[in-house]
Amino acid sequence: MPDLSLEADFRARGFQLIAGVDEAGRGPLAGPVAAAAVILPPGVSGDETCKRLSPARRESAAVAIRRYALAWSVAQVSSREIDHIGIGPAVVQAMMAAVSGLRPPPDGLLLDWVHIKDCDLPYQRIVKGDQKSLSIAAASILAKVSRDREMESAALLYPGYGFASHKGYATADHLRRLADRGPCPIHRRSFHPLNGAPRRDWTTAPAAHSRGSA
């Protein structure tokens, strides 16, 4: 279960405000990628990761995180920008935008494995970071909640695609609807199968990342 051991190790090296950073929405065929950054105070506890929470419990956890965090920030990068720069750079852009929104600003980062080439802050990449760092787990929850709400709003703007249920991921239902209706403005046209497979094959084509994926 995630805890604050990694944050404590950072503080032992002289850094005080340690932000956990994570993203949500790297793989879907539609919608933005979201990222969040969270600075938690020493002494808080938690025992769940984003993936193990039901939507209702995730919403409740997000409320608690926003209440008790020393600082938190969420940012998104649109599907249009993802198509322009690639998903890997888009993830980094969202993460750094979230970090830039923190007040007070952090002096160290814990990342869920993503490598950021140009970063002025010291950081540590953690494999399965949301399962080890409570700050990363909190960021994962805020990013997921933010993106899910965005896709629920998209379901009202673009009815018929089922965005409220699958959140843009390449489920069988989404692929079927996509083949029937064609893409809408928030679909990622650089992602397979939208980037070249014949439309008649979209219901069976597996989703894959576009160029620039990490």
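The side chain of Asp 112 reaches the backbone nitrogen of Gly 129 at 2.7 Å. That is a polar contact (a pair of N or O atoms within 3.5 Å; within protein, one must be able to donate a hydrogen and the other to accept it, and residues adjacent in sequence count only if both atoms are side-chain atoms). The model is predicted, so local features need pLDDT of at least 70 and side-chain atom pairs count only at pLDDT 80 or more, while totals for chains, interfaces and linings use all residues. Residues are numbered from 1 along each chain as its sequence is written, and side-chain values use heavy atoms, with hydrogens and water left out.

Asp 112 sits in the loop between β4 (108–111) and β5 (123–125). Helices (H or I, at least four residues) and strands (E, at least two) are DSSP runs, numbered from the N terminus. With 18% relative accessibility, Asp 112 counts as buried. Buried means under 20% relative accessible area, exposed over 50%, and partly exposed in between (1.4 Å probe, protein chains only). Leaving aside neighbours within four places in sequence, Asp 112 is in contact with Val 21, Asp 22, Ile 126, Val 127, Lys 128, Gly 129, Asp 130 and Ile 136. Contact means heavy atoms within 4.5 Å.

Trp 113 lies in the loop between β4 and β5. Its phi is near 75°, a positive value in a residue other than glycine. Trp 113 is partly exposed, at 46% relative accessibility.

Now turn to helix α2 (residues 55–68), the place of Arg 58. Is Arg 58 buried or exposed? Arg 58 is buried, because its relative accessible area is 9%. A polar atom of its side chain lies 2.9 Å from the backbone oxygen of Leu 53. Beyond neighbours within four places in sequence, the contacts of Arg 58 are Cys 50, Leu 53, Ile 141, Lys 144, Val 145 and Asp 148.

The loop between β2 (33–39) and α2 holds Gly 46. Gly 46 counts as partly exposed, at 33% relative accessibility. Not counting residues up to four places away in sequence, Gly 46 touches Pro 2 and Leu 134. Its C-alpha atom is separated by 9.1 Å from that of Ala 137, 91 residues apart along the chain.

The largest share, four residues, comes from α5. By class, the lining divides into three nonpolar, three polar and nine charged residues. Ala, Val, Leu, Ile, Met, Phe, Trp, Tyr, Cys and Pro count as nonpolar, Asp, Glu, Lys and Arg as charged, and the others, Gly among them, as polar.

Towards the end of the tour stands helix α7 (residues 172–181), where His 174, Leu 175, Leu 178 and Ala 179 are buried. Seen down the axis of α7, these buried residues fall within an arc of 130°, so they line one face of the helix. The arc is that of the directions from the helix axis to the C-beta atoms. An α-helix has 3.6 residues a turn, so residues three or four places apart point the same way. The buried residues of α7 pack against α6 (163–166). The face turned away from the buried side carries the exposed residues Ala 172 and Asp 180.

Lys 167 lies in the loop between α6 and α7. Lys 167 has a positive phi of about 60° although it is not a glycine, and it counts as buried at 12% relative accessibility. Just after α7, Gly 182 takes a positive phi of about 80°.

Pro 104 lies in the loop between α4 (87–100) and β4. Pro 193 lies in the segment after α7.
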